[in-house]
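Colleague: Please take one residue of this model and look at it closely. I would like its surroundings described, and then the chains around it.

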Protein chains: 2
Amino acid sequence: MEFATIYWQDERVYLIDQTLLPNNEKIISTNDYHELAEWIKELKVRGAPAIGVAGALGMALAAIYSSANSKDELFDELVKARGVLSSTRPTAVNLFWALDKIWSEIMHLRDEEMFRIRLGVVTKALSIWQEDRMICMRIGKHAATLFNDGDTVLTHCNAGSLATVMYGTALSGIYEAVSQGKKISVYADETRPLLQGARLTSWELNKSGVPVTVICDNMAASLMAKGKINKVIVGADRIANNGDVANKIGTLSVAINAKYFGIDFYVAAPMSTFDFNIIEGSMIPIEERDRSEVAMFNGIKIVPDDVPVYNPAFDVTPAKLVTAWISEKGIAMKVKDIRNWR
Amino acid sequence: MEFATIYWQDERVYLIDQTLLPNNEKIISTNDYHELAEWIKELKVRGAPAIGVAGALGMALAAIYSSANSKDELFDELVKARGVLSSTRPTAVNLFWALDKIWSEIMHLRDEEMFRIRLGVVTKALSIWQEDRMICMRIGKHAATLFNDGDTVLTHCNAGSLATVMYGTALSGIYEAVSQGKKISVYADETRPLLQGARLTSWELNKSGVPVTVICDNMAASLMAKGKINKVIVGADRIANNGDVANKIGTLSVAINAKYFGIDFYVAAPMSTFDFNIIEGSMIPIEERDRSEVAMFNGIKIVPDDVPVYNPAFDVTPAKLVTAWISEKGIAMKVKDIRNWR
């Protein structure tokens, strides 16, 4: 998979418009951070790591195209850009993390000449882009060792290239194993309510030549019962100190099914996802999202108006259901091995 | 729940058009069996028991409105009606069962006067309607004893009033428990791909004043983990001699999750669903359905064109995951108890 979801070229930000997938594959570009902020808001780019990178590149646009005549004016503009970009996805931790990194660089350079500050922002943004790419690549190198020639792997949601700059987290090991010549095929859970598996995971695996079949979330157990799934790999939104994993709603059910059928269940995530301050999974706050995500489909009502809907964005999979955790630091088969990564 | 999904009144067949639910609640009626056959084909009435009843009532329309001047002409018309009605849903076992019952009655009466034969068909059709209603009611009386005041029950797909004449199979016990004054609330799995839970189960429970909340299929485990589900009850499409249960895709995953969390898992079905000739669940043929059910949604594509889809209609839940089977004959807690129902 040598396809970048978001990248910098000729002093513009390019990205694939994910709202049009899988029906239309369109690369859009801008040199205006306001427009980029709108695109983040509209989910044209999504996935925690990719949003962080987009925020950083937005700051780079603000720095380059600033019309400031003085450092004071430049700082004013950068403060404004930071505000505009950070308000796009108010719960996206990676976005604030990336903007903070850029801001530290600006503070670090504040006594330098104006052009040095502008250049510093761009350089830092590109290093954030590059770091995301390298972390995903390293996760992939480690995870690939878990896959054998002929494996059929189930994944849930999209923890792939489209959620990062390139390669992804859960899918990175699959791309790497395939590039090593192993034959791997994938089942992608469609992932209700937002269908990231049906729309995005299937699209990117297929584009990379990895055989992929889409199933509804409730079909995975039936495939496992028939011995058609060897391994499961998913990403993570947050991993607690005890190894419990918060990830896209539906992950827990997949993990329980995998346990029942004796199938390995892997979690792949960058170190930034490990939150050693959270003692256990039950302490991870779970966002409940809008009723309309479940009750409406492209404007068509599928649940009666007066019937309530429960729509949690994530669930928590207990560590005892996880066979291995994979990060850029390696593979942990036991919870205590994760703690050595601190 | 005193609402009939399909009924006979003033020598016409009335039914609720299920293709319009949940957005529009419309009762339609006809005295033309050709039109009724079209409605069965168009899924205006669905659910195995309800389809069987519709077929029988279609024969009653053919018998009443026949313009035959002789018994030979009447037989010709009834043969034709049987052909038209049986070709509507070629895999619906209950439809053939009901049409065969009507046909036996016709054969039984073949030497009688013409008006006696016509009357006999109508009487038999109404008795099939009434029998379905009584079986569901009896299932409900038994199942209700399993529910306690304050229970929160999960169900999958629609095994309710809308799948039968009245009451349903899985939902009948809930309606009965509620009518006995027990407070029961329900979570309804939306049931991808065809959303019978979101559209139909939620609609009929809500209409009957039973509190119901819709969830995506992949959210049930997260509710169970939080202790928010006490019991699970589902219907069945076929039950093997060893107690294995074929039911709507997704049932197996719910059963495995229930086992993991120590939650009772009940299966409610009429005796006609028990197939003692099938030794075990793995021998039950599983229909694979059209790709478009998963890949398209109301004409909108959600899976890339060149990505395959796996779409089994049913899965098989092993008997060891079932806490109790409920039929009109009672409650079986062990597989050997089912065999006593033979």
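This is a predicted model: local features need pLDDT of at least 70, side-chain atom pairs count only at pLDDT 80 or more; totals for chains, interfaces and linings use all residues.

Modeller: In chain B, B:His156 sits in the loop that runs between strand E4 (152–155) and helix H6 (172–179). Is B:His156 buried or exposed? Its relative accessibility is 2%, and because buried means under 20%, B:His156 counts as buried.

Two polar partners can be named for the side chain of B:His156. One is the side chain of B:Asp189, joined to that of B:His156 by a polar contact of 2.8 Å. The other is a backbone atom: the oxygen of B:Ile249 lies 2.7 Å from a polar atom of the B:His156 side chain.

Leaving aside residues up to four places away in sequence, B:His156 touches B:Asp189, B:Thr191, B:Asp217, B:Ile233, B:Val234, B:Lys248, B:Ile249, B:Gly250, B:Thr251 and B:Val254 in chain B, and A:Asn218 in chain A.

The size of an interface is often given as the accessible area lost when the parts come together. Here chain B and chain A bury about 4,300 Å² between them, with 64% of this on carbon and sulfur atoms. On the chain B side, the residues that lose the most area to chain A are B:Asn218, B:Tyr260 and B:Tyr310, which together account for 17% of what that side buries.

How are the two chains related? Chain B superposes on chain A by a rotation of 180 degrees with 0.0 Å of shift along the axis, at an RMSD of 0.1 Å. That is the relation of a two-fold axis. The same surface serves both copies, since 100% of the contact residues of chain B recur in chain A.

Turning to chain A as a whole, its secondary structure consists of eleven helices and 16 strands. The radius of gyration of chain A is 20 Å, close to the 20 Å given by the globule rule for 342 residues, so chain A is as compact as a globular protein of that length. Its C-alpha trace spans about 70 × 50 × 40 Å along the principal axes. Of the 342 residues in chain A, 60% are buried. Among contacts in chain A with a separation of 6 or more, 73% are between residues 24 or more positions apart. The accessible surface of chain A is about 13,100 Å², and carbon and sulfur atoms contribute 49% of that surface.

Note on methods. Residues are numbered from 1 along each chain as its sequence is written. Chains are lettered from A and ligands numbered from 1 in the order in which they are written. Side-chain values use heavy atoms; hydrogens and water are left out. Helices (H or I, at least four residues) and strands (E, at least two) are DSSP runs, numbered from the N terminus. Buried means under 20% relative accessible area, exposed over 50%, partly exposed in between (1.4 Å probe, protein chains only). A polar contact is a pair of N or O atoms within 3.5 Å; within protein, one must be able to donate a hydrogen and the other to accept it, and residues adjacent in sequence count only if both atoms are side-chain atoms. Contact means heavy atoms within 4.5 Å. Copies are superposed by least squares on the C-alpha atoms of residues with pLDDT of at least 70 in both. The radius of gyration is taken over C-alpha atoms; the globule rule is 2.2 Å times the number of residues to the power 0.38. Accessible areas come from the Shrake-Rupley method with a 1.4 Å probe; for residues, only the protein chains shown count as cover. Buried area is the accessible area (1.4 Å probe) that two parts lose on being put together, summed over both.
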